[in-house]
Amino acid sequence: MQIIDQENFDKLRALNNENVIKIVNEFVELCRPSKVTVITDSIEDIEYCRQTAIKIGEEAKLEIEGHTIHYDGFFSMSNHDQARDKTNTKVLIPKGQYHPPAINTVEREEGLKEILEIMKGCMEGNECLIRFFCLGPKNSKFSILALQLTDSFYVAHSEDLLYRAGYEEFKKLNGSDEFFYFIHSSGELIGDPPVTKNLDKRRIYVDLQEGRVLSVNNQYAGNSLGLKKLALRLAIYKSNNEDWLTEHYFILGVHPKGKNRVSYFCGAFPSACGKTSTAMLPGQTIVGDDIAYLRVWDDGYAHAVNIERGIFGIIKDVNPKNDPVIFEALTTPRETIFSNVLVTEGSPYWIGDGRSIPAKGINFSGEWYVGRIDDDGKEIPLAHPNARYTIRIEELSNADENLHNPDGVPISGIFYGGRDSDTLPPILESLSWEHGVFLGASIESETTSATLGAEGVRQINPMSNHDFLVISMRQYLKNHFDFGKRLKSCPKVFATNYFLKDKAGKYLNGILDKLCWVIWAEGRVQDDFKGIKTPIGYIPIYTDLEILFEQYLDIDYKEADYIEQFSIRTKKLLEKLERIESMYKKEEDVPQFFWDMLNDQRKSLINLKNEYNMEEISPLLLKKL
Ligand code: SPV
Ligand code: MN
């Protein structure tokens, strides 16, 4: 290899791993970069990535120390690279094997042929970085190592913020091939800042057989960073063929006032259903906001780790009122990458930041001004709705002390958060572990203006993992169910819905009310509160909520509000069961417990409706049962 000099080659050789050398050789030959640089865990190597990203224009410095801006390829509101590309992300399935209907698949040989052809020479004229990371804490049974080849310094820099360094960990592999690997190239670049030119040739192909993902002609982190949603898919495959879980979960430490204790919760929420804001609730601590691995631990509890150490968060609507902790972190000096926001006089602005909108600036469309339209005649917003920030969790004042604990944290509860205006109450607790799996499998969210198409369309998103399920629903649900059965003490499972509306379309809850639901759930797992048993799960007793609202939010929570929010809407709930049934009927061999649960729910809701001879049953009536 001529394009790799002796110093860099020595860094590779020091790993004593022929598998790594083989992969590097194969893809350097295919992608033909002009130079190969191996990045170790040293401060100088890491700093090289960060500084070069700025030097070559993939990032630019902002006014505040440590802040930079990066733009992903952007041409118009309908043709861009600022979100995950579901259409061109495909799982390679060997001939004759089952193609899960929920995701895009392609026959393996055919898919490989296509992407390897696109990748021929894709790094020409560019430098290829070889990077090593650890998904999960170091020295932990949970963790998986990952090798990343990329020609994007932005990708390499983002991964420094988001993942733990792994070069030294690779040495401990003793030559084994027990690691995931990711090959990424932004492809041919145009413009200043440089963005991917050939978006029509954007491909992200997941090769389960080899434990690798090939990704080309893109820059957006959800498509390009191997360790984020690409590794999520590989880990879902691996864990479901073993005995642990990979989930699209945040991990939150809940600290009720005056109790001197912490209980850890996981939570899965589809986009725009309050995931990050739940993980960031005031007075609580954060372990992670996106992806967790869970194992049955020696103490009989489920333990979870955050496989990341940073946050790639949606910046829209982050303002001092809704998210004081993040807003503070984003407006003070520290290493932070802003992507796809507006920059005016060296400062970043985004939609819903609570400040007055600047008249002009630079954003993904170049020179931007209020009222500017794109080639499709659409008004260009000041920042993309999916504009993001990348930051380390340790930088936050609410970082949890167990963030890097190799044993993870014991999980007491799991939240599944949906979005509907008229069906589920704000919080309920499942009747059992299997009912909890059913609740997770039936998370429904209504589409919002953040995605193209009609608003208010309900979509079922099992465990918020719909886009990443590279295995059959049968296998996924069965493993989830079995996981709980192997625990001495199962986490209690809760469903949240922050988006209930009244008949006039007004939200029934304030943005911070979720703090009370979370504290109530913590009290349930610690046996502090009694619940009211309903066919769909346990709901809170009014007087407990009245106290919590007063204690945590200084709000006088009225009984009438409680009745409106927690009534059991039998008609709407039965309609929801219909939707769940019709979606799961499309899947092959859904486990029997799921159908039993669905049928039980239906029967008991019909009984309840008949017993009271009404469609909406007040929780106060139920209490008298
Ligand atoms: C999500 O969409 O769930 C994210 C951002 O966490 S992305 O990296 O694009 O997947
Ligand atoms: Mn996510």
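Colleague: How many helices and strands are there in the protein?

Modeller: This is a predicted model, and the protein in it has 18 helices and 35 strands.

Colleague: What makes the radius of gyration of the protein agree with that of a compact globule?

Modeller: A compact globule with 625 residues would have a radius of gyration near 25 Å, and the protein has 25 Å, so the two agree. Along the principal axes, the C-alpha atoms fill a box of roughly 80 × 55 × 50 Å.

Colleague: What percentage of the residues count as buried?

Modeller: Of the 625 residues, 61% count as buried. The protein exposes about 24,700 Å², and carbon and sulfur atoms supply 48% of that area.

Colleague: Why is H480 called buried?

Modeller: Buried means under 20% relative accessible area. H480 has 1%, therefore H480 is buried. H480 lies in helix α12, which spans residues 473-485.

Colleague: Which residues are in contact with H480, leaving aside its neighbours within four places in sequence?

Modeller: They are L245, E247, Y249, Y416, W433, V437 and M463.

Colleague: Why does L245 count as buried?

Modeller: The cut-off is again under 20%. L245 is at 3% relative accessibility, so L245 counts as buried. L245 lies in strand β14, residues 245-247.

Colleague: Which residues does L245 contact, apart from its neighbours within four places in sequence?

Modeller: L245 is in contact with S239, A292, Y293, L294, N479, H480 and F483. As for A304, it is 59 residues from L245 in sequence, and the two are 9.2 Å apart in space, C-alpha to C-alpha.

Colleague: What percentage of contacts between residues at least 6 apart in sequence join residues at least 24 apart?

Modeller: In the protein, that share is 73%.

Colleague: Which residues are around ligand 1?

Modeller: They are R84, Y220, G222, K228, K229, H248, D290, F312 and R388. By class, this shell has two nonpolar, two polar and five charged residues.

Colleague: How much of the accessible area of ligand 1 does the protein cover?

Modeller: On its own, ligand 1 has 280 Å² of accessible area, and the protein covers 91% of it.

Note on methods
Residues are numbered from 1 along each chain as its sequence is written. Chains are lettered from A and ligands numbered from 1 in the order in which they are written. This is a predicted model: local features need pLDDT of at least 70, side-chain atom pairs count only at pLDDT 80 or more; totals for chains, interfaces and linings use all residues. Side-chain values use heavy atoms; hydrogens and water are left out. A residue is near a molecule or strand if one of its heavy atoms lies within 4 Å of it. Accessible areas come from the Shrake-Rupley method with a 1.4 Å probe; for residues, only the protein chains shown count as cover. Ala, Val, Leu, Ile, Met, Phe, Trp, Tyr, Cys and Pro count as nonpolar, Asp, Glu, Lys and Arg as charged, and the others, Gly among them, as polar. Helices (H or I, at least four residues) and strands (E, at least two) are DSSP runs, numbered from the N terminus. The radius of gyration is taken over C-alpha atoms; the globule rule is 2.2 Å times the number of residues to the power 0.38. Buried means under 20% relative accessible area, exposed over 50%, partly exposed in between (1.4 Å probe, protein chains only). Contact means heavy atoms within 4.5 Å.
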